Amino acid sequence: MNGPNRELLLAYLDDALDEMDTHVVEQELRASEPLRQQLRQLMQERDRGEHSVGAIWRRQRLSCPPRDRLGSFLLGVLDDDVQDYVQFHLQTIGCAYCLANLADLQTQQQDADGQVKKRRKRYFQTSAGLLQPPEKKKKG
Ligand SMILES: [Zn+2]
């Protein structure tokens, strides 16, 4: 069995995994002393390499909310603390990756809105057509 790989452990250290993955990693850590050693080693490496561009990039990318969460953020349907986190990530950290993703999602949502409105309008016109009394035939 391979166990979680290095990136997964790093993501675990950054608290960037979802509940399911976190649970899996924790189970494997409990079961495996070599894995715990690997984790300790990674923590030390991380402390030493904390300020390398690569480490910062990876840390920031891994802390990015997933795209569906950005979508929920736009809709304002997230729990308050999650909403705050995403806002912090976008506004304070200014993550270019997520801002680009957000702009893309915004465009999509606007398109979707537009289509719904168009559909509604068409439906309304069709219904209105049905509700109009039939034209009277001209008497000849
Ligand atoms: Zn991001």
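This is a short tour of a predicted model, going from the whole chain to single residues.

Before selecting anything, note that residues are numbered from 1 along each chain as its sequence is written. Because the model is predicted, local features need pLDDT of at least 70 and side-chain atom pairs count only at pLDDT 80 or more, while totals for chains, interfaces and linings use all residues.

**The whole chain**

Show the protein chain as a cartoon, and you will find seven helices and zero strands, where helices (H or I, at least four residues) and strands (E, at least two) are DSSP runs numbered from the N terminus. Of the 140 residues of the protein chain, 9% count as buried; a residue is buried if 20 or more other C-beta atoms, placed from the backbone, lie within 10 Å of its own, exposed if 12 or fewer, and partly exposed in between.

**Helices H1 and H3**

Next select residues 6-13, which form helix H1, and residues 33-48, which form helix H3; their axes come within 10 Å and cross at roughly 70 degrees. These axes are lines fitted to C-alpha atoms, for helices over the stretch in contact, and the angles run from 0 to 180 degrees between N-to-C directions. H1 and H3 are therefore roughly perpendicular to each other, a term that covers angles of 65 to 115 degrees.

Now show the side chains of Arg6, Leu9, Leu10 and Leu13 on H1, together with Gln38, Leu39, Leu42, Met43 and Arg46 on H3, since these residues make the contact, which is counted when two C-beta atoms, placed from the backbone, lie within 7 Å. Coloured by type, the residues of this contact divide into six nonpolar, one polar and two charged; here Ala, Val, Leu, Ile, Met, Phe, Trp, Tyr, Cys and Pro count as nonpolar, Asp, Glu, Lys and Arg as charged, and the others, Gly among them, as polar.

**The nonpolar core**

Select Leu9, Leu10, Ala11, Tyr12 and Val25, the five residues of the largest nonpolar core, meaning a set of buried Ala, Val, Leu, Ile, Met, Phe, Trp, Tyr and Cys residues joined through C-beta atoms within 7 Å. The largest share of this core, four residues, comes from H1.

**Two single residues**

Go to Leu35 in helix H3, which counts as partly exposed because it has 16 C-beta neighbours inside 10 Å. Leu35 and Asn5 are 30 residues apart in sequence, and their C-alpha atoms are 9.6 Å apart in space.

Finish at Gly71, in helix H5 (residues 67-75), which counts as partly exposed with 18 C-beta neighbours inside 10 Å.

Key. Parallel < 35°, antiparallel > 145°, perpendicular 65-115°, else oblique.
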